[in-house]
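Please open the structure in a viewer and keep the sequence at hand.

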Amino acid sequence: MKAKWKKMLIASMACVALTGVSATSFAAGYSLNPEVKTATPALLQASEIGVRTYNTTDAELQKAPNKDAIVVMSFGTTYKDTRAKTIEATVEEIQKAHPNTKVVLAFTSHIIIDRVKANEGITIPTPEEALAQLKAEGYNRIALTSLDIIPGMEYAYKTAVYDIYKTQFKKMTIGTPLMYWMGQEGQRDDVEAVMQAIGSQMPKLGKKDAVLVMAHGTPDPSNAYYSVMQDRLNKLYDGKVMIYTVEGWPSLEDIIPQLKAKGINHVTMMPLMMVAGDHANNDMAGAEEDSHKSILEKEGIKVDAYIHGLGENQNVRQLFVDRANEAWNALEAEK
């Protein structure tokens, strides 16, 4: 059974034709096992992995001249300064890479959208609003790209937008988040690449020093990515860099005993998030007694805080641009 299903990840156009469903393909380098002669729509949907591509079967849409756009989707932040240095800086680089293409920023957090509008007078659309406006303006080929860190609940929202809206356009693609592939089945190792990229912001570490990297955490099973991240961190930084989450596993309480066991008396804390927003400034480094910094100091550990989002790291920002380019390349590719 394992051999038959090992590479059941990308539907070929021949299988699509046999089932009579819409033409959908994936830029992941896989194909259905050749023993699968007639893939069902459910099987095709289950095999949607990697960069996803939809091509319309509507004759009128097929005849329309191409008009392309890129939608950059982010959770967003109300912190203006970090937004400019991270999200907006990344969008600017994506626009620079595609100077003749319309690039639109969309936020998935309705609360953040409302607060930014109220406080700054700036209206940022949701992905759904952005796509509706692009369609009204005659754009018919859309590349969606995500500023998510892992394929968790936020990324699931974005793929849901893709699934709901793709049939309204001539062609639509959606790229992967920052960390997706882990070196399996001959794919690249996104996790190791990101863990290497943050090396440029690592301080020099003595025998009793460590770095604590704060991630968000998720109730989604993708929380397991943090175990993979820790594995790569151990490989790259000899166990001196440890990851924990605000809302998932492992928590700071899981990490403190490990620090004590290693005799660590000084840590540098930094967020593994696109922006340095509320979690970084308050949960991680705030002055309140329940902040992570305060908790560690009560344990006798000296704390320094590096309050910069991943989007400020040029190495990481380039990886986000690479993900956007993959979605764009899939949009430009032949069926």
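The model is predicted.

**The nonpolar cores**

Begin by selecting M179, M195, I198, M229 and L272, which touch the most other members of the largest nonpolar core, a set of 48 residues. Helix α15 is the greatest contributor to this core, supplying eight residues. As background, nonpolar side chains in soluble globular proteins tend to be buried together.

Next, centre the view on L272 and display its surroundings. With residues up to four places away in sequence left out, L272 touches I149, M179, M195, I198, V213, M214, A215, M229, I243 and L310. Another core, of 19 residues, lies apart from the largest one; select Y54, A106, L134 and L144, which are among its members.

**Helix α11 and Q230**

Select residues 225-237, which form helix α11, and pick out Q230 within them. Is Q230 buried or exposed? Its relative accessibility is 17%, so Q230 counts as buried, the cut-off being under 20%. Beyond its neighbours within four places in sequence, Q230 has contacts with V241, M242 and I243.

**Salt bridges**

There are 19 salt bridges in the structure.

Select K158 and D148 first. Their closest N and O atoms are 3.1 Å apart, and the two residues form a salt bridge.

Now select D190 and R323, a salt bridge in which the closest N and O atoms are 3.3 Å apart. D190 lies in helix α10 (residues 190-197) and R323 in helix α15 (residues 314-332), so this pair joins parts that are 133 residues apart in sequence. D190, at 1% relative accessibility, counts as buried, and R323 counts as buried at 3%.

Remain with helix α10 and select E192 together with K235. The closest N and O atoms of this salt bridge are 2.9 Å apart. Because E192 lies in helix α10 and K235 in helix α11, the pair ties together parts that are 43 residues apart in sequence. E192 counts as buried at 15% relative accessibility, whereas K235, at 58%, counts as exposed.

**Aromatic rings**

The structure contains one aromatic pair. Select Y180 and W181 to view it: the ring centres are 4.9 Å apart and the planes stand at 80°, so the pair is edge-to-face. Y180 is buried, with a relative accessible area of 13%, and W181 counts as buried at 5% relative accessibility.

Two lysines complete the tour. Select K67 with Y139: the charged end of K67 sits over the ring of Y139, at 4.4 Å from the ring centre. Then select K135 with F169, where K135 lies over the face of F169, 5.5 Å from the centre of the ring.

How values were computed: Residues numbered from 1 in each chain as written. Predicted model: local features only at pLDDT ≥ 70, side-chain atom pairs only at ≥ 80, totals over all residues. Heavy atoms only, no water. Helix = DSSP H or I, 4+ residues; strand = E, 2+ residues; numbered from the N terminus. Buried < 20%, exposed > 50% of the residue type's maximum accessible area, 1.4 Å probe, protein only. Contact = heavy atoms within 4.5 Å. Salt bridge = Lys/Arg side-chain N within 4 Å of Asp/Glu carboxyl O. Core = buried A, V, L, I, M, F, W, Y, C linked by side-chain atoms within 4.5 Å. Phe/Tyr/Trp six-rings, centres within 6.5 Å; stacked < 30°, edge-to-face > 60°. Lys NZ or Arg CZ within 6 Å of the ring centre and 35° of its normal.
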